[in-house]
Amino acid sequence: MGLRGSKPTFDDSSNVVYFIQIPLRGLRVPNLSPFPLKLETYLRMAKIPHESIMISTLSSKGKTPWIRHRGKDVADSQFCIEYLNKQFGVNLNEHLTKEQQAVSRAILKMVEENLYWVLVCYRWFFMNPKDMGLSQNIPSLIFAFIRRRVRKYANGQGMGRHSQEEIFHIGKLDLQALSNYLGEKKFLFGDQPSETDCSVFGMLAQFVFSNIESPHCALIKKEFPNLERYCHTMRNTFWPDWDQVLKGDASSTKL
Amino acid sequence: MRLTFGDTRLLALAAGAIAVGVVLFLNASRKQRKRKKLPYKDESDTVYVVQIPRGKKVPSPSPFPIKLETYLRIAKIPYENVFARKFSSKGKIPWIRHRGKDVPDSQFAIEYLNEQFNVDLEAHLTKEERAMSRAFLKMVEENLYWALACYRFIHDDVRKADYPSVIPTWALLLFGRRIKKYAWGQGMGRHSVEEIFHITKLDFEAISDYLGDKKFLFGDKPCVADCAVFGMLVQVVFNQTYSPHNALIKSEFPNLERFCWTMRNAFWPDWDQILAA
């Protein structure tokens, strides 16, 4: 699995959105990376016709996922969403007040720029590599190589400079904030889901469904059970085919 | 090539000279380090805040010392600044020392001080407001921070950004190269100048929309998130006044400037007096 994979052929005359994600189909989640899961949940929520392609070609920014639509490549899940909102006249935040939209952005950033690094540090520094949740273990040499790069990134970002206990504590405070804000509500802002629900679900699903051995999963079950309830709500609503997706082969799925 | 006896003697002399030089250098640095020993009185209750020296336009060109100091002032915790380029055990600045204990990272420092001094700036908030406070804190420190850092260190000339003169230009430029590497790993550094400005605008908009007409983020009483937002926004509003971000705030989010003045007048009445001459 080289990271500079082959480029697939696209039909740039159609209106189909090609959704390209790295082939990290987990045993218990459709993708081990939270961002493809976020973007695909958005595509389903917004009912945008798309074709999912699992190949190892990264975006122009060196990340996953990215999309191609009418010959245009868009990198970064959030820029993809902004692009698609414009192209398809979608606004999943329409029902939110101005203050709620502001809170929505703050939660989005807390989850993607803070909690995300808690997840990354856990998986690459503290977790037993066998618990990655893939159908095949990552060879230890490749794991060590990737871990070195992740450590460089995490130290630069800041999270990597903290101890294991400190990182867990930071994660706990983020999860507590999510749990307290969600409360008894069905979705973050009430009975209707919104854009940020896609991101929060993409991230929480990693702890709740994939890394079930993690102390974060135990913490959620014990202290923030509404987050687990929320993950099931999102999964049942937007991924009724979750089990089929996990069992199915890793090639394109049409929706 | 065969070494003659003369060559060997010369090599031995050179090695000896280098060894002596190294020992003299290490001894001199040790003496210098001893002279630069920081003035802590560990038996007192004073909190020592170690940070880089003051700027001419803002108390610090970094948002985190301003966040920390603002918190200390709101909480009325007695503190003393130690202006030095001494980095914490995590390689960052600011950090605090209290009763002989060093606590790096501004947020861990605040949590430590909350416990030590029985302070809770969020006591008046509901559970949901506390959650939102955390979200805004993280958006500002883990997203907006990187967007503004990319502007300051990569897109613009960092020498304009009110760093104290004790920090030489080469050190600033070197730090800028490091920020560029860090920003790539963090993610922000992979976006274009326009994309980063767009991200900054969305963050400003969120803070502005949530603040609205309120005095502070959550009403009439400030909390830790206000300190973090203030520390970050003063860099745009008072420090880098030439930046497009400053123009953006003035034209589209004037309540953010109003907020900065409110915080400054309330908790930094000595602002003008403490700035570097």
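One cut-off before anything else: a residue counts as buried when its relative accessible area is under 20%, and as exposed when that value is over 50%. Keep that in mind for Thr262(B). Its relative accessible area is 18%, so Thr262(B) is buried. Thr262(B) sits in helix 9 of chain B, residues 254-267. Leaving out residues up to four places away in sequence, Thr262(B) touches Lys215(B) and Phe216(B).

Now the other side of the cut-off. Gln273(B) has a relative accessible area of 63%, so Gln273(B) is exposed. That residue belongs to helix 10 of chain B, residues 271-274. Take Thr200(B) as a reference point. Gln273(B) and Thr200(B) are 73 residues apart in sequence, and their C-alpha atoms are 31 Å apart in space.

A reminder: this is a predicted model.

Let me step back to chain B as a whole. Chain B has 277 residues, and 54% of them count as buried. Its C-alpha trace spans about 85 × 50 × 35 Å along the principal axes. We find ten helices and four strands in chain B. Starting from the N terminus, the order is α-β-α-β-β-β-α-α-α-α-α-α-α-α. What about contacts along the sequence? Count contacts in chain B between residues at least 6 apart: 75% of these join residues at least 24 apart.

Next, the strands of chain B. Start with strand 1, residues 47-51. Is strand 1 of chain B enclosed or open? Five of its five residues are buried, so strand 1 of chain B is largely enclosed by the rest of the structure. Val47(B), Val49(B) and Gln51(B) point one way. Tyr48(B) and Val50(B) point the other way.

Which strands pair with strand 1 of chain B? Strand 2 of chain B, residues 79-83, pairs with strand 1 in the parallel sense, over five bridges. Within that pairing, Gln51(B) has Phe83(B) as its bridge partner. Strand 3 of chain B, residues 95-98, runs antiparallel to strand 1, and four bridges join the two. There, Val50(B) is partnered with Trp95(B). Together with strand 1 and strand 2 of chain B, helix 2 makes a right-handed β-α-β unit.

On to chain A, and strand 3 there, residues 66-69. Trp66(A) and Arg68(A) lie on one side, Ile67(A) and His69(A) on the other, and all are buried. Strand 1 of chain A, residues 17-21, is joined to strand 3 of chain A by four bridges, and the two run antiparallel. Val17(A) stands opposite His69(A). Strand 4 of chain A, residues 72-75, also pairs with strand 3 of chain A: antiparallel, four bridges. Here Trp66(A) stands opposite Ala75(A). Strand 3 and strand 4 of chain A form a hairpin with two residues between them. In the turn, Arg70(A) has a positive phi of about 50°.

Now helix 5 of chain B, residues 169-186. The buried residues of helix 5 of chain B include Leu172(B), Gly176(B), Ile179(B) and Ala183(B). An α-helix has 3.6 residues a turn, so residues three or four places apart point the same way. What do the buried residues of helix 5 of chain B pack against? Helix 4 (127-155) of chain B, plus helix 3 (98-126) and helix 4 (140-157) of chain A. Just past the end of helix 5 of chain B, Gly187(B) takes a positive phi of about 125°.

That brings us to the interface. Interface size is often quoted as the accessible area lost when the parts come together. Chain B and chain A bury about 3200 Å² between them, with 59% of it on carbon and sulfur atoms. Three residues, Lys90(B), Arg134(B) and Arg190(B), supply 19% of the area that chain B buries against chain A, more than any other three. By contacts, 33 residues of chain B meet 32 residues of chain A. The count of salt bridges between chain B and chain A is five. One salt bridge joins Lys90(B) to Glu166(A), with the closest N and O atoms 2.6 Å apart.

That's my tour. Questions, please.

Definitions and conventions
Residues numbered from 1 in each chain as written. Chains lettered and ligands numbered in written order. Predicted model: local features only at pLDDT ≥ 70, side-chain atom pairs only at ≥ 80, totals over all residues. Heavy atoms only, no water. Buried < 20%, exposed > 50% of the residue type's maximum accessible area, 1.4 Å probe, protein only. Contact = heavy atoms within 4.5 Å. Pairing = 2+ DSSP bridges. Right-handed = clockwise from strand over helix to strand, strands pointing away. Buried area = accessible area lost by both parts, 1.4 Å probe. Salt bridge = Lys/Arg side-chain N within 4 Å of Asp/Glu carboxyl O.
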